[in-house]
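Biologist: Please take one part of this model and walk me through it closely. Start from a surface loop, then go to the strand pairing, and finish with two further loop positions.

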Amino acid sequence: MYKMRSFRQFSRVKSTFLASETKIYKADAPKPHFSEDQPLVFGAIPTPHMLEIDYYGNSGWEAPVIKPFAPLSIHPFNSSLHYAIQCFEGMKAYKDPKNKIRFFRPQLNMERFLVSSKRLGLPEFDTNELFKCIEQYIKLEKDWIPELEGSSLYIRPLHISNTNKLGVHKAKDSKILVMASPAQEYFKKNSRGLWLDVNENYWRGTPHSVSQYKLGCNYAPTITITSETAHEGYEQAIWTFNENMLESGATNLFFLLQKDGKQTLVTHPLDGSILPGITRRSIIELAKDVVPDIKVEERSFSISEFIDCYNKKQIKEVFVAGTAAVTGGVSRLRIRGTVYELPYGEVPNYFSTTFKKMIYNIQYGKIDHPFSVVCE
């Protein structure tokens with residue numbers, strides 16, 4: 001008798017939510033006004049609404065709800081607060097010249113979000129249904145997509161435990177939240193190029209670690225280090241493992257080498273020690289559109305190799321890549337107390353600047369490309 005009740009209960013558990021069941025409650029909010037004179041501080045201004053989807057262990061996923069943006073009420077025993085059972089994503093929405101809403105490779109964000117959720121033991125969901133929910137949400141917030149050059153609407157999906165019980169265990173209940181904030185170009189004010197400090201005292205990522213997932217626990221321990229380097233004028237730290245340079249801050253890292261007239265683009269492999277960035281993947285796939293005869297290598301790049309190539313004047317360019325920044329050219333590296341000013345050719349940061357223009361054209365629909373998805 002008990003087994004029969006258990007089976008019936010399990011059979012009623014909804015394995016995913018459906019976008020078609022989304023409930024919408026509109027906020028009474030004024031339209032925004034964007035101006036070049038008022039810079040958009042990243043992540044500071046929330047849009048009037050948010051998307052919320054609840055999961056309960058006994059019944060499964062509830063219908064999605066789009067409602068006015070508001071603070072959450074969280075139980076002090078909530079396990080996301082105590083044990084970092086939470087993951088997130090970062091993506092953007094853009095407006096093209098015809099005023100259509102566009103996304104850049106959104107399904108990759110949805111898939112990575114699902115993989116991160118599964119790594120934490122949080123419930124699975126249909127990635128297509130989540131994106132459909134996000135489309136509905138962004139349509140409601142379309143006036144909050146800035147049309148200024150390099151600006152966009154930053155979208156932050158978040159999946160947290162909603163289980164209110166102490167103890168390290170799988171979350172019975174959880175919640176997906178999606179929020180948005182208008183943002184300008186991330187490194188817009190930096191004209192001198194980025195300064196990066198190579199940090200060997202802290203290993204953020206190692207092979208087969210959770211650094212390959214977008215979990216909050218990967219970022220919190222870096223705050224003190226990043227703050228200390230910022231006081232010395234360096235924008236980000238480069239994380240290392242066994243002398244290999246992995247990634248920088250919250251961005252992937254690229255080295256453009258030139259040997260015997262041939263160019264090679266080097267970035268660390270997806271061995272579990274770095275985040276599989278969507279911009280990183282796009283750069284690798286589009287590299288030959290920028291430099292037709294370029295060779296792309298996903299391999300370790302050590303401090304010793306960098307110093308050797310630097311002394312031989314084979315380092316043509318170093319840059320970072322990520323959703324917020326797209327690309328950012330690096331003009332200085334500090335390694336073990338020694339500063340390396342990066343030598344450039346006649347056109348500084350040619351590859352990263354050219355790629356940024358190319359991906360902007362894709363994101364804003366100025367060129368037709370399968371990476372750009374129109375919100376229908």
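Modeller: Leucine 166 sits in the loop between strand 8 and strand 9 (174–183). Strands here are DSSP runs of E with at least two residues, helices are runs of H or I with at least four, and both are numbered from the N terminus. This is a predicted model, where local features need pLDDT of at least 70 and side-chain atom pairs count only at pLDDT 80 or more, while totals for chains, interfaces and linings use all residues. Residues are numbered from 1 along each chain as its sequence is written, and side-chain values use heavy atoms, with hydrogens and water left out.

Leucine 166 is partly exposed, at 40% relative accessible area. That class lies between buried (under 20%) and exposed (over 50%), using a 1.4 Å probe and protein chains only. Leu166 belongs to a nonpolar surface patch with Phe77, Tyr83 and Val168. Together they have about 390 Å² of accessible area, computed by the Shrake-Rupley method with a 1.4 Å probe and only the protein chains shown as cover. Nonpolar side chains (Val, Leu, Ile, Met, Phe, Trp, Tyr) are joined within 5 Å, like charges within 9 Å.

Now strand 8 (residues 152–161). It runs antiparallel to strand 6, joined by three bridges; pairing requires at least two DSSP bridges. Alanine 93 faces leucine 153 of strand 8. Strand 6 also pairs with strand 7 (residues 101–104), antiparallel, over three bridges. There, lysine 95 has isoleucine 101 as its bridge partner. Five residues separate the strands in this hairpin, and asparagine 99 takes a positive phi near 70 degrees.

In a regular strand, side chains alternate between the two faces of the sheet. In strand 6, Met91, Ala93 and Lys95 are on one side, Lys92 and Tyr94 on the other, and all are buried.

Two loop positions remain. Threonine 222 lies between strand 10 (194–199) and helix 5 (223–231). It is buried at 10%. Beyond four places in sequence, threonine 222 contacts (heavy atoms within 4.5 Å) Tyr202, Arg204 and Trp239.

Technical notes
Patches are made of residues with over 30% relative accessible area and no salt bridge: like charges are joined within 9 Å, nonpolar side chains (Val, Leu, Ile, Met, Phe, Trp, Tyr) within 5 Å. A salt bridge is a side-chain nitrogen of Lys or Arg within 4 Å of a carboxyl oxygen of Asp or Glu.
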